[in-house]
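Hi,

Here is the structure I promised to pass on.

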Amino acid sequence: MQKIAILTDTTSDVDTSIIKEYNIVEVPLQIIYNSEVTYKDKYEKNIDDIIQDINSNTVSSSLPLTSDLIDRIEYIISEGYTHIIATCMSCCISGTHNLFQQVLSTYSDKITYHLIDSKSCSMGMGFLLEKAAKMIDSGKSFEEIVKELEKYKNKEDLFFTVDKLDYLYTSGRINRSSKVVGNLLNIKPIITCKKDSGNLEVISAVRGRKKVNQQILDYIIDFIGDNEIDNIYIMHSNISENADELEKVIKEHYPNVKIYKRPISSLFVVHTGPHIYGAVVTLK
């Protein structure tokens with residue numbers, strides 16, 4: 001009989017209640033202050049800490065400790081699980097995916113696993129965990145779930161904005177030309193994670209928050225097309241005013257769609273700066 005575990009990193013932004021309910025196993029990435037002191041994302045530093053500290057410290061990040069990942073896998077095996085479904089940030093954004101692959105491969109004789117490259121981040125990959133958890137709960141097999149998730153990962157898109165592109169450029173998440181365009185013109189960039197590459201890319205830039213919200217809505221409308229919406233998630237760095245405004249704009253166009261508002265992971269803020277918000281949309 002199959003017993004399926006779910007393994008991920010701490011950047012999925014899945015609600016804590018769901019993490020606990022379905023026993024989703026998280027591996028923390030590392031947050032580094034001033035190139036010296038290292039903390040575990042989510043467990044030792046949260047989003048409020050980063051927002052408070054980022055302007056007075058040099059804050060960076062690093063992959064999970066290999067020992068932490070091994071500990072989580074060993075725990076899964078000790079609990080009698082026979083299969084693992086794993087996903088993490090896009091392999092083009094972080095080396096976490098490669099680390100997962102390397103370490104999981106050493107356990108191939110002890111447990112069956114499937115590692116999904118989400119080609120996304122935040123709830124763009126987090127919704128896959130929620131889908132997996134519900135399919136496990138409904139009694140679907142490992143093979144059925146893997147097949148469905150590989151389809152689902154192409155049924156989402158995300159669009160977000162930041163105040164400045166300096167953080168993303170410094171961390172190597174966008175190229176210099178994108179940074180120059182955004183900062184020189186003093187406009188707000190709109191960024192997505194490209195499905196063909198898994199890279200973050202500035203897709204447009206507008207002046208003013210109202211125009212940003214409308215542009216995000218326009219992208220959502222284009223992405224949805226004639227398809228049926230599953231969920232919309234508004235992600236934000238504890239800036240509820242911006243999140244509320246975006247929710248209002250989206251609700252006016254999609255009044256019957258459930259919208260979930262969630263804080264984005266502290267590690268994401270390390271690379272985007274303290275002012276980030278946007279939306280993730282998923283299709284049925």
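Predicted model: local features only at pLDDT ≥ 70, side-chain atom pairs only at ≥ 80, totals over all residues.

Asp68 counts as buried, at 6% relative accessibility (buried is under 20% relative accessible area, exposed over 50%, partly exposed in between, with a 1.4 Å probe and protein chains only). You'll find Asp68 in helix H3, residues 66–78; helices (H or I, at least four residues) and strands (E, at least two) are DSSP runs, numbered from the N terminus. Neighbours within four places in sequence aside, Asp68 is in contact with Val27, Pro28 and Lys40, where contact means heavy atoms within 4.5 Å.

Residues are numbered from 1 along each chain as its sequence is written, and side-chain values use heavy atoms, with hydrogens and water left out.

Now the sheet. It is open, has four strands in the order S2-S1-S6-S7, and its pairing is parallel; two strands pair if DSSP finds at least two bridges between them. S2 (25–27) and S7 are the edge strands with a single partner strand each, so one side of each has no neighbour in the sheet. On average, neighbouring strands are turned by 20° against each other, direction ignored. For angles, axes are lines fitted to C-alpha atoms (for helices over the stretch in contact), and values run from 0 to 180 degrees between N-to-C directions. H3 lies across S1 (4–9), S2 and S6, at about 165° to S2. Helix H6 (residues 142–152) also packs on the sheet: H6 touches S1, S6 and S7, and its direction makes about 5° with that of S7.

S6 (residues 83–88) and S7 (residues 112–117) run parallel and are joined by six bridges. Ile85 has His114 in S7 as its bridge partner, and Ile84 stands opposite Tyr113 in S7. From S6 the chain crosses through helix H4 (residues 96–105) to S7, a right-handed β-α-β crossover: with the strands pointing away from the viewer, the path from the first strand over the helix to the second runs clockwise.

On to the aromatics. Rings of Phe, Tyr and Trp (its six-membered ring) pair if their centres lie within 6.5 Å; planes under 30 degrees apart are stacked, over 60 edge-to-face, and the rest tilted. That rule gives four aromatic pairs. One of them is edge-to-face because the rings of Tyr33 and Tyr39 have centres 5.2 Å apart and planes at 75°. Tyr33 is buried at 6% relative accessible area, while Tyr39 is partly exposed at 24%. Phe159 and Tyr219 form a stacked pair, 5.2 Å centre to centre with 15° between the planes. Phe159 sits in strand S8 (residues 156–162) and Tyr219 in helix H9 (residues 209–224), so this pair ties together parts 60 residues apart in sequence. Both Phe159 and Tyr219 are buried.

There are charges over rings too, meaning NZ of Lys or CZ of Arg within 6 Å of the ring centre and within 35 degrees of the ring normal. Lys3 lies over the face of Tyr81, 4.6 Å from the ring centre, and Lys258 over that of Tyr260, at 5.4 Å.

Asn34 is not a glycine, yet has a positive phi of about 55°; Asn34 is in the loop between strands S3 (30–33) and S4 (37–40) and is partly exposed at 34%. Ser122 has phi near 50°, lies in the loop between S7 and helix H5 (123–137), and is buried at 2% relative accessible area.

Cheers
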